[in-house]
Amino acid sequence: MPAPTPCRCATPSPDQDQKENIFLPREANIIRVEKTTEMERILTLRLADGSQMKFEPGQILEVGLMGYGEIPIGLASSPTRTNTFDIVVRSVGRVSQAINTLGKGDTLLIRGPWGHGFPLENLRGHDLLIIAGGIGLCPTRSLIQYALDRRQEFKRFSLFYGARDPQQQLFTADLADWRKSKDVDYHETVDKSDPTWKGNVGVITTLFSKTKIDPGTRVVICGPPIMFKFVIREIDKLGIPHQNVFVDLERRMKCGVGKCGHCQMNDKYVCTDGPVFAFSEIERLEEAI
Amino acid sequence: MSSHFIKESDFAAFLAGLIKEKKVVGPVAKTSRQQEKFVFAQLERGEDLRLDYDVTILPPKKEFFPTQQDLVRFDGPRREGCVTPEEKVLFGVHFYDVKALDMTDLLFQERNDDRNYTARREAATVVISNIQKVSPRAFWSSIGAEIQPQGHDAWLSRIAGGYVLEPRTPKGAALLRFGKFATATPAQIAAARQANDAVAAQCPERLQGTSESNARKVRAAFGQEELWTKLAEDCFSCGSCNTVCPTCYCFDVQDWWNVDQKSGARTRYWDSCLTEDFAKISLGAGATENFRESRGERFRHRFMRKAAYLNEKLGGPACVGCGRCSAACTADIADPTAVINNIPEA
Amino acid sequence: MMAKPKVAFFDFTCCEGCQIEFTNYGDAAFLELLKHVDVVEFREAMSEKTKDPIDIAFIEGSFSREADRPRLEDIRKRAKIVIAYGQCATTGGVNALKNHTKDYKQFVYQKDAAMPHLDSQKAVGVDQAIKVDYYAWGCPVNKYEVLQIVSHLLHGKEPVIPNYPVCVECKRRETICRYDVGDYCLGQTARAGCGAPCPADGIPCEACRGFVDQPNQDALVKVLSKRAGMPWGWAEGKSRMFTANQRGDAA
């Protein structure tokens, strides 16, 4: 960064395109905070103007604070739930650390929602399998909630969730519900067990043997890059065509509006063309998986 | 629209009149140790305009997408956007740079209209000048030659005894009132065409193949890691090739405070995908992941973007053959003709 | 925001020029800054000294004498944040030029060479003695960057320090490349953040902020030789002035 001269913007100039300015954020208030792991907090937000935010499951928000910057975060709740929305903030950098010093009643700045979420029209009327690894549960939770709220729109609904260890499990209250729920065929595993853990131990692909998945199933995958390769291998064994498999990708999204180039892989901007892609669309794209 | 002629002796008065009334930006000379280079800068006097320039250090894109541009300014809880269009005449742009502006026009506008760019762009009048001197690394005659420049309001060509101005839009025609223009004769129009056509043969470098065949073979070479590692052996990851490129438009965004610690800005800066940290993300506890870790991967990404990735969207390669990258690379490994010509046909 | 942190400056093996830079903001900016920080020790501008805990310690100078270690450790113990301030403190700076020579004492001090207070060891950055939180590169530091570092820390934000080369900043300001006028330059491997004032003034970049994280040193030698016409041996040693401890051949 070239050294900015001090006091450069003593008299800000009037903005002639306020409404159209894709970089001008709006305010959202933090109405609930839940520390879910050592690194992550769940923030429940509401637009400061009281209006309901329109979004699709799987879309992203740019969330930030002036002076600190912005980070892309996948929406972690379904638009079917009240006029609030959830995000999970993992303290890894300047912006996320600053956000995680805030509490209930504080204001965040958001832009968006941006990007293409999960293709609901394509998922409806079919069996649905969601496979979430680690923090991949956050964006997929928007679809999980949606599927539970609109259960009749889907046939069989299965959910696999893998975490590194029991302490890393996110949304523990939800997990408790899903374990009991008849609406979702839920299976979970941890890579590394601890004395409190009574469930499955092993990588996420071991869960495929726990249930029956029909070849007509629509599959949604979100997790660390290494997970994709192994999950796809299982998907192939089941004979599920790749146009029915949707992946939620992570890159260094910065501007959120398909301009700055940081999240580009091949001719796609993850923030705008994605973050959700049909696997058939990207499997041959260099640098995608 | 009809063409107009202005005598050499009347040209200075035309420029002076224009500068008096409008902000005019054009190529001017910059020197170091008697070496002359050119930059686009606001004209204080008509005499500073150097239509005999070969190429400018930075492309005219900077007039609409400045190297450093505030996006949002803040003062305590108060925030405002910084879309500040300013009327100006961009005078004397070479056609290849207008082809590049056509690309950035599309890319900044599509899907989410970036008014920080497009509002400035709409407020400008762009005048092309014929190329009077060809830069030593130019290859614009052999890349995307099928694509004509669009985003200009008038085309100025120097011929014997004066200049022919062909307005292309009402904004371009509005320039006529600043000078003693007469309707151009058929001979003058022919001379203007000749001035533009003749120079194409002078391009010192040449890209072989067609836009399609080059896109195909560059893309097909993606998996040849040894090739890209070798090509990037002397790469400094210095980003010079990106920074001088008229079709590159990546940026970084940083926030900062003024010394009062309560006001400040969110500012974007030109960024470069060749630099080490461009695709690096933080995973926490000091750990990072870099989606293009090696020099070879970053070098390859640039060529994919220039020759292949954006072709469908742009209708041709994201390169206009200005040769700025070839000249800016101190290791001289960035030249698209040298790299692409040496990749065997797929 | 951090409530008026206590800031102190300390110096080791250096010329104290980086501290002088801190007084060069001009009255308006400096007085504004003093509303936000409490300078408790700064020998360039005040006589007070402190033994109290400090929020931000700026340490100038290289670590070149074992005898300095306790003082560095004491600063570290008292300071919440330690900033290696200037090139001597970050990498050893020009002091490190002696690291690969044996006769420097004779050469520099001549008849006084044997005097015990002139004894020193290898010059290295202060992070070789204590943990350093942030690095303010440069000979001298860029005072505007320092202002941003302080500003970011006041807000609890990790400072943003570039890891791209000086070429980026030269191009942004349309400086004529030194190589285009037959000169040499180290900007391709040098850490930016200075705003590239030297090439803009017609002077080559000497990499006074050290190298970027992954400098292509082999390519630099090639380009210095091929483009700038430097004899190979000279080209090989050329970047040493500010990067002696960062180079592949660091002593």
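1. **Ground rules.** Residues are numbered from 1 along each chain as its sequence is written, and chains are lettered from A and ligands numbered from 1 in the order in which they are written. The model is predicted: local features need pLDDT of at least 70 and side-chain atom pairs count only at pLDDT 80 or more, while totals for chains, interfaces and linings use all residues.

2. **Chain B against chain A.** Here 40 residues of chain A are in contact with 48 residues of chain B. Contact is called when two C-beta atoms, placed from the backbone, lie within 7 Å. On the chain B side, the elements that give two or more residues are helix H3 (115-122) and strands S4 (68-75), S5 (78-81), S11 (251-257), S12 (263-270) and S13 (280-284). Helices (H or I, at least four residues) and strands (E, at least two) are DSSP runs, numbered from the N terminus. By class, this side of chain B has 25 nonpolar, twelve charged and eleven polar residues. Ala, Val, Leu, Ile, Met, Phe, Trp, Tyr, Cys and Pro count as nonpolar; Asp, Glu, Lys and Arg as charged; the others, Gly among them, as polar.

3. **A sheet in chain B.** Four strands form an open sheet in the order S5-S4-S12-S11, with antiparallel pairing. Pairing requires at least two DSSP bridges between two strands. S5 and S11 of chain B are the edge strands, each pairing on one side only. Neighbouring strands are turned by 20° against each other on average, direction ignored. S4(B) and S12(B) share seven bridges, in the antiparallel sense. B:Arg73 has B:Ala265 in S12(B) as its bridge partner.

4. **A helix pair in chain B.** H6 (residues 211-220) and H9 (residues 295-309) of chain B pack at about 145°, with axes 8 Å apart. Axes are lines fitted to C-alpha atoms, for helices over the stretch in contact; angles run from 0 to 180 degrees between N-to-C directions. H6(B) gives B:Asn214, B:Ala215, B:Val218 and B:Arg219 to the contact, and H9(B) gives B:Phe303, B:Met304, B:Ala307 and B:Ala308. Six of these residues are nonpolar, one is polar and one is charged.

5. **Domains of chain A.** Chain A is divided into domain 1 (24-114) and domain 2 (120-248). The bounds come from an automatic or database domain assignment. The C-alpha centres of the two domains lie 24 Å apart. Domain 1 of chain A gives 15 residues to the contact and domain 2 gives 17. The domain 1 side has seven polar, four nonpolar and four charged residues.
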